[in-house]
Amino acid sequence: MRLTLTCWNYDRVAALLDGRINLPGVELICKVQYPTQIFASAFTEAPYDISELSASSYVMQVARGNCPYIAVPAFISRAFRHGGIYVRSDREIVSPKNLEGRYVGIPEYQMTMAVWARGLLSDEYSVNTDQIIYRTGGTNIFGRKERLPLELPEHLDVQEIGPGCSLNDLILKGDIDAIISPTPPLAFTNNNSLVTRLFAKPKVAEQDYFNRTGIFPIMHLIGIRREIAYANPGLARTIYDGFCSARDIAMNELFETATASANRVQLPWIANEWEETRSLMGEDFWPYGISKNRTALDALCRYSFEQHLAPYKVTLEKLFSPETLE
């Protein structure tokens with residue numbers, strides 16, 4: 001069976017992309033693409049047999065009953081998001097609660113990063129995220145639009161910014177008060193004092209968040225075209241096992257890099273970072289499967305419903321292939 005696969009070239013999928021791992025009975029035709037390129041067509045044309053998927057978009061489409069993919073619990077992209085909230089330094093936004101009633105730019109209202117950011121603002125800091133005034137568009141490049149149609153309540157103010165402008169332009173002009181984005185606005189990257197992080201020490205805040213909640217936010221997962229998965233019993237499990245094996249190889253390579261006598265990468269404290277991560281999160285700090293991710297998955301499904309994206313709270317049994325339910 002020849003199947004097409006598209007995803008970004010993460011270290012945890014490299015062994016599948018370069019052929020070190022072979023899936024029994026499957027020949028993979030791989031194409032490396034940046035996630036935003038993949039997501040632009042994943043839920044409309046669904047051009048690939050196996051695809052990296054936005055977790056938020058996937059939950060939405062499953063809840064709406066029109067998703068061409070069925071997922072396996074291989075979470076190839078994860079990230080803490082306290083560090084992705086940027087504010088104008090002259091707007092007296094000194095705590096998360098100050099975001100209520102403010103104009104906040106986000107690339108897309110439904111994007112997974114924004115869902116997690118709103119969720120932690122609500123759960124951890126009692127922010128009423130429905131009271132934020134949202135403006136959507138590209139962070140540093142104009143032209144970005146919502147990839148899926150939204151069905152939002154009338155009280156929620158979500159509007160696309162004008163043509164020819166980016167969120168970075170608007171925060172510098174003072175038209176918006178903050179930006180929530182996985183990509184830093186250029187003003188922050190260029191050390192413009194007008195734009196700072198809401199959380200001055202995001203790593204400390206994120207480590208505290210994990211220590212209290214046990215959540216390592218899930219951004220992207222792997223989907224298989226439903227008709228292929230349903231027509232080939234055992235295929236979903238084979239694909240899932242392959243991604244697990246690739247992740248294990250990457251974890252071993254990271255161990256070898258962090259403990260080597262000579263540093264392979266250009267980060268002077270990589271060994272310290274590896275030791276600190278294992279101390280806080282355990283040896284299996286990038287877990288796949290449902291059992292070790294149930295809390296994070298449940299939070300994501302709840303946020304999707306609470307933030308008016310999914311029409312109901314999706315159960316985990318609806319999200320994943322039955323072959324991969326533990």
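1. Setting aside neighbours within four places in sequence, threonine 295 is in contact with Thr213 and Ile215. Please keep in mind as you look at these contacts that the model is predicted.

2. Threonine 295 and isoleucine 215 are separated by 80 residues in sequence, while their C-alpha atoms are 6.6 Å apart in space. Threonine 295 itself belongs to helix α11, which covers residues 294–306.

3. Is threonine 295 buried, exposed or partly exposed? Its relative accessible area is 47%, so threonine 295 counts as partly exposed, given that the exposed class begins over 50%.

4. What does threonine 6 touch, not counting residues up to four places away in sequence? The list is Lys31, Gln33, Ile38, Tyr48, Ile50, Ser51 and Glu52. For lysine 31 there is also a polar detail: its backbone oxygen lies 3.0 Å from a polar atom of the threonine 6 side chain.

5. On to the rings. The structure holds 10 aromatic pairs. One of them joins phenylalanine 75 and phenylalanine 320 in an edge-to-face arrangement, with 6.1 Å from centre to centre and 80 degrees between the planes. The angle is over 60 degrees, which is why the pair is classed as edge-to-face.

6. Where in the chain do phenylalanine 75 and phenylalanine 320 come from? Phenylalanine 75 is in strand β4 (residues 69–78), and phenylalanine 320 is in the segment after α12 (316–319). The pair thus links distant parts of the chain, 245 residues apart.

7. Both partners can be checked for burial. Phenylalanine 75 has 0% relative accessibility and therefore counts as buried. Phenylalanine 320, at 1% relative accessibility, counts as buried too. The cut-off behind both calls is under 20% relative accessible area.

8. There is a ring cluster to find as well: ring pairs link Phe80, Phe210, Phe216 and Trp286.

9. Finally, do have a look at arginine 118, which lies over the faces of two tyrosines. For tyrosine 109, the distance from the ring centre is 3.8 Å. For tyrosine 134, the distance from the ring centre is 5.6 Å, and the limit for such a placement is within 6 Å.

Key:
Residues numbered from 1 in each chain as written. Predicted model: local features only at pLDDT ≥ 70, side-chain atom pairs only at ≥ 80, totals over all residues. Heavy atoms only, no water. Phe/Tyr/Trp six-rings, centres within 6.5 Å; stacked < 30°, edge-to-face > 60°. Helix = DSSP H or I, 4+ residues; strand = E, 2+ residues; numbered from the N terminus. Buried < 20%, exposed > 50% of the residue type's maximum accessible area, 1.4 Å probe, protein only. Lys NZ or Arg CZ within 6 Å of the ring centre and 35° of its normal. Contact = heavy atoms within 4.5 Å. Polar contact = N/O pair within 3.5 Å; in protein donor to acceptor, adjacent residues only side chain to side chain.
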